[in-house]
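Please look through the sequence and the model below before reading on. The briefing then takes up single residues, the sheet and the chain as a whole.

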Amino acid sequence: MKFPKLPVVKLPLVDVSTDPLDLLVSGLVLRMKQLARSNPKFIDLIQERQFRLEIATQQGMVRQIVVDHGSVSTVSGRQAAADFVLEFENSEQAVKTLI
């Protein structure tokens, strides 16, 4: 799967860029937020946990998924030290690997 070369633009209102990996991780977090409110198994899984997962590329795109005692959020960039880090060569490789 080859991704078209679109310009990467920061969308400040929703704190997301048009980078394919950034869009994928943001969509994943939206789904996790929904499950954190509606799925008892998922709620039990994250209720007592607190961690940060960082997904990044060597080209500089960084997004962290924050799970904090039952709530899920995301931040752009390296806001704090992550507990787990996944770093890929580029966004295309990351998206292919994660999908």
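Threonine 57 touches Leu21, Glu87, Phe88, Glu89, Asn90 and Ser91, not counting residues up to four places away in sequence; contact here means heavy atoms within 4.5 Å. Threonine 57 is located in strand 3, and with a relative accessible area of 4% it is buried. Buried means under 20% relative accessible area, exposed means over 50%, and partly exposed is in between, with a 1.4 Å probe and protein chains only. Helices (H or I, at least four residues) and strands (E, at least two) are DSSP runs, numbered from the N terminus.

This is a predicted model, in which local features need pLDDT of at least 70 and side-chain atom pairs count only at pLDDT 80 or more, while totals for chains, interfaces and linings use all residues. Residues are numbered from 1 along each chain as its sequence is written, and side-chain values use heavy atoms, with hydrogens and water left out.

**The chain as a whole**

- The protein has three helices and six strands, and along the sequence they follow the pattern β-β-α-α-β-β-β-β-α.
- Of the 99 residues in the protein, 32% are buried.
- The accessible surface comes to about 6,500 Å², and carbon and sulfur atoms account for 57% of this surface; such areas come from the Shrake-Rupley method with a 1.4 Å probe, and for residues only the protein chains shown count as cover.
- Among contacts between residues at least 6 apart in sequence, 50% join residues at least 24 apart.
- The mean pLDDT is 86, and 86% of the residues reach 70 or more; pLDDT is the predictor's confidence in each residue, from 0 to 100.
- Among the elements, strand 3 has the highest mean pLDDT (95), and strand 1 (residues 10–11) has the lowest (56).

- Four strands form an open sheet in the order 5-4-3-6, with mixed pairing; two strands pair if DSSP finds at least two bridges between them.
- Strand 5 and strand 6 stand at the edges with a single partner strand each, so one side of each has no neighbour in the sheet.
- On average, neighbouring strands of this sheet are turned by 15° against each other, direction ignored.
- Axes are lines fitted to C-alpha atoms, for helices over the stretch in contact, and angles run from 0 to 180 degrees between N-to-C directions.
- Strand 3 and strand 4 run antiparallel and are joined by seven bridges, and arginine 52 stands opposite valine 66 in strand 4.
- Helix 1 (residues 20–38) packs on the sheet and touches strand 3, strand 4 and strand 5; its direction makes about 10° with that of strand 4.
- Strand 4 also pairs with strand 5 (residues 71–76), in the antiparallel sense and over six bridges.
- Strands of a sheet pair through backbone hydrogen bonds, either parallel or antiparallel.

**Two residues of strand 4**

- Isoleucine 65 is part of strand 4 (residues 62–68) and stands opposite threonine 74 in strand 5.
- Isoleucine 65 counts as buried, at 2% relative accessibility.
- Leaving aside neighbours within four places in sequence, the contacts of isoleucine 65 include Val25, Leu28, Val29, Met32, Phe51 and Val72.
- The C-alpha atoms of isoleucine 65 and leucine 28 are separated by 9.4 Å, and these residues are 37 residues apart along the chain.
- Glutamine 64 is also in strand 4, and with a relative accessible area of 0% it is buried.
- Beyond its neighbours within four places in sequence, glutamine 64 is in contact with residues including Arg52, Glu54, Thr74, Gln79 and Ala82.

**The hairpin**

- Histidine 69 lies in the loop between strand 4 and strand 5, a hairpin with two residues between the strands.
- Histidine 69 has a positive phi of about 50° although it is not a glycine.
- Most residues other than glycine have a negative phi.
- The relative accessible area of histidine 69 is 44%, so this residue is partly exposed.

**The aromatic pair**

- Rings of Phe, Tyr and Trp (its six-membered ring) pair if their centres lie within 6.5 Å; planes under 30 degrees apart count as stacked, over 60 as edge-to-face and the rest as tilted.
- By this rule there is one aromatic pair: phenylalanine 51 and phenylalanine 84 are edge-to-face, 5.9 Å centre to centre, with 80° between the planes.
- The pair links distant parts of the chain, with phenylalanine 51 in strand 3 (residues 50–57) and phenylalanine 84 in strand 6 (residues 84–88), 33 residues apart.
- Phenylalanine 51 is partly exposed, at a relative accessible area of 26%.
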